[in-house]
Amino acid sequence: VLLPQRITLRNAMIKKFSTAAAVTLLTATALSGCGSGKLSAEDTCALIISRFGEIQLNQRIENSSPTPLDEDLTEDISIMSDRALVLSEAAEKTKDEDLKQALIAVGGNDSKTAQLLTNKDLSAEEKSEHLMELQTPRLLEAQETYGTICHL
């Protein structure tokens, strides 16, 4: 009498595990962009959040303190470069054209800022001037679009 119950219980556990594994696989496939192609805006935002978590971006930002432009900006540059890479990856994977353009603009700005900050030929004042030049209406619009779509 116990043998059939054990088999039924075992089959139920296998079925439960298989279902959980299938859901996990589908989620991983969707987030990696290897499934049906491009990601929805919602999935793109989830990918960004996931990648930010992997590189502990939010924690690194919270732990960093404002650094004068004439001091060591290594961590600031690292944060901007990492964020630019994540946003670029997400832009390639999204099917939402508005979000794609916003991610390209915001990520591109982070890349330009990181490059500018690494330029040892510029004084702190010159870096500051160039940073102000990067703050264009187009960038501000892109930041707003990214924030609105991803609910930031």
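Helices here are DSSP runs of H or I of at least four residues, numbered from the N terminus. I worked with a predicted model.

**Overall fold.** I read along the sequence and noted the pattern α-α-α-α-α-α-α. The count for the protein is seven helices and zero strands.

**Burial and surface.** I looked up how much of the chain is covered. Of its 152 residues, 26% count as buried. The accessible surface of the protein is about 10300 Å², and carbon and sulfur atoms make up 57% of that area.

**Contacts.** I took the contacts in the protein with a separation of 6 or more. Residues 24 or more positions apart account for 67% of them.

**E144.** I found E144 in helix 7. Is this residue, E144, buried or exposed? E144 is exposed, because its relative accessibility is 56% and the cut-off for exposed is over 50%. I also checked E144 against A102: the two are 42 residues apart in sequence, and their C-alpha atoms lie 8.4 Å apart in space.

**Backbone angles.** I then turned to phi. Most residues other than glycine have a negative phi. I noted two residues with a positive value.

- Q56 has a phi near 50 degrees, and Q56 is not a glycine. I placed Q56 in the loop between helix 2 (41-54) and helix 3 (57-63).
- H151 has a phi near 55 degrees, again positive in a residue other than glycine. I placed H151 in the segment after helix 7, which covers 137-149. H151 counts as exposed because its relative accessible area is 72%, against a cut-off of over 50%.

Definitions and conventions:
Residues numbered from 1 in each chain as written. Predicted model: local features only at pLDDT ≥ 70, side-chain atom pairs only at ≥ 80, totals over all residues. Heavy atoms only, no water. Buried < 20%, exposed > 50% of the residue type's maximum accessible area, 1.4 Å probe, protein only. Contact = heavy atoms within 4.5 Å. Areas by Shrake-Rupley, 256 points an atom, 1.4 Å probe, with all protein chains shown as cover.
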